[in-house]
Amino acid sequence: MNCRADRYLLRRAPPSPKYKQLRRAPDSYPPNSSTPPADTHLYTMASTKAQRKAKFENVFTLVRDELVAHFTQEGLPEEVVDWYRLVSTSLEYNVQGGKLNRGISVVDTVEILKGRSLTEDEYIKAAVLGWSVELLQAYFLVADDLMDGSITRRGQPCWYRAPNPSLASKLCGRTPPIGLVAVNDSPMLKSAIFHLLRMHFRTESYYVDLIELFNDMSYKTEMGQLTDMITAPPDVVDLARFSLERYSIIVRFKTAYYSFHLPVAAAMLMCHIPETYDIRLADSTTKTIKAYDVALSIFIPLGEYFQIQDDFLDFSAPPEILGKVGTDIVDNKCSWCINTALKISTPEQRAVLERTYGRKGDLEAGTDGSEHDVKTEGTDHAAGGLCEARVKEVYEAIDLRKVYADYEQRVYVQLNELIDAIPEEGTVVDEKGHEVTSHAGLKREVFRSFLSKIYGRGK
């Protein structure tokens, strides 16, 4: 298939049953009506989070089939194509199963910026961008689990520990794990992004901008991962490497850029929002808005707030609420909790943290770095044993819960002030003062929608 026909495969081919599933479901029709309303060519904003997620997940079938078709067209062996496609193998195993918040936020942002429901073509494009963000997330997670030696991810074995699908039917007994093949699978997930962008956006004026955006966000996240690995290398506990300043750098590069700025910046590009635009205010003055700088100025502190919240919940939320047992303490994570504790603890409390943080079980580190039996009262009831319990005792003694609560209220006010500063009450104009109709500028609702999902969450 030539490039032009290939690019428009979804647009020109007759709708398949899978594609028809994306159309409006009966439960979104008006009350007391068994037929769709007149505007069936539009995608309405789903009324519930579950409906939005289901609609978004339907597009994954198209994304997966398109990527697998490309593998097939390349003439690769059948078992290689199967590896890439089949349930419980690379593509579906690593991309699906999460909350999909990053991907869905692309669609939500496009709808907010356009101020209306999306056409079918617009929804597919927005969802493809969303799944591209999810593919990037999968790329990071596969590599991260391998570097950390993690055991499970989303309730199943990490990809490198999963049974090798190409050997499952050829060996008797225990199937060996995927192992180091995951080193190649991880960048393949990332490469799939650029195939999708070429297929769906090559003729768009912002195509190169999308490529640069994904490359830049990926590179920055890899910088953050490197900083994290050097700060808290596996099996090496050295709290002298930790600080709130170092933590802030890790969070900005490892979380904020790709989890918050990337989805919105991609949606902004799709909505033709330029780097800068002018808005004529009610008093007839004109203000120049650097749109992507404004978005980044909000998403950096918002992303940091999200990660701090995540770290705090790992310590404070019960497993039955959090959905997992928190392991940041025993895993020697450079988290907000330990960095805050190191900053405000007494010398005696710091000494306890030095002996117990990042240690599994009941053996503390001696003053010379050697292990010795802990002669303390208590039982080995926590995931990390008595060492983890001692760390948590310090957290409680310094009233970390209040420190966090004060921080959350403070950052919530600061973020709202940044959002309120975005001018909406005016008209977007060009350099000659004529009204612009190609876009309506930034909307505060984009940023409030993110903040409302995060503020006060308990898991």
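Which residues line the largest cavity?

## The largest cavity

In this predicted model, the largest cavity is lined by Tyr 93, Asn 94, Ala 138, Leu 141, Val 142, Asp 145, Arg 153, Arg 154, Gln 156, Pro 157, Cys 158 and Trp 159. The volume of this cavity is about 90 Å³, and the count of cavities of 30 Å³ or more comes to 4.

The elements that contribute two or more residues to the lining of the largest cavity are α6, spanning 90-95, together with α8 and β4, the latter covering 156-157. Of these, α8 gives the most, with 4 residues in the lining. Sorted by class, the lining of the largest cavity consists of 7 nonpolar, 2 polar and 3 charged residues.

## Asp 148 in helix α8

Helix α8, which runs over residues 120-148, also holds Asp 148. With a relative accessible area of 29%, Asp 148 is classed as partly exposed, because that class lies between the limit of under 20% for buried and over 50% for exposed.

When residues up to four places away in sequence are not counted, Asp 148 touches Met 229 and Lys 333. Asp 148 can also be placed relative to Asp 235: the two are 87 residues apart in sequence, while their C-alpha to C-alpha separation in space is 9.7 Å.

## The three-stranded sheet

Elsewhere in the model there is an open sheet of 3 strands, arranged in the order β6-β5-β9 and paired in the antiparallel sense.

In general, strands of a sheet pair through backbone hydrogen bonds, in either a parallel or an antiparallel arrangement. Here, strand β5, made of residues 276-281, pairs with β9 in the antiparallel sense over 4 bridges, and Leu 281 stands opposite Gly 426 in β9.

## A helix on the sheet

Which helix packs on the sheet, and which strands does that helix touch? The helix is α12, comprising residues 291-316, and α12 touches β5 and β6, with its direction making about 65° with that of β6.

Key
Residues are numbered from 1 along each chain as its sequence is written. This is a predicted model: local features need pLDDT of at least 70, side-chain atom pairs count only at pLDDT 80 or more; totals for chains, interfaces and linings use all residues. Side-chain values use heavy atoms; hydrogens and water are left out. Two strands pair if DSSP finds at least two bridges between them. Contact means heavy atoms within 4.5 Å. Axes are lines fitted to C-alpha atoms, for helices over the stretch in contact, and angles run from 0 to 180 degrees between N-to-C directions. Buried means under 20% relative accessible area, exposed over 50%, partly exposed in between (1.4 Å probe, protein chains only). On a 1 Å grid over the protein atoms alone, a cavity is a set of points where a 1.4 Å probe fits but cannot get out, and a pocket is an open set with protein on both sides within 12 Å along at least five of seven lines; lining residues have an atom within 4 Å of a point. Grid points are joined across faces, edges and corners, and a volume is the space filled by probe spheres set on the points. Ala, Val, Leu, Ile, Met, Phe, Trp, Tyr, Cys and Pro count as nonpolar, Asp, Glu, Lys and Arg as charged, and the others, Gly among them, as polar.
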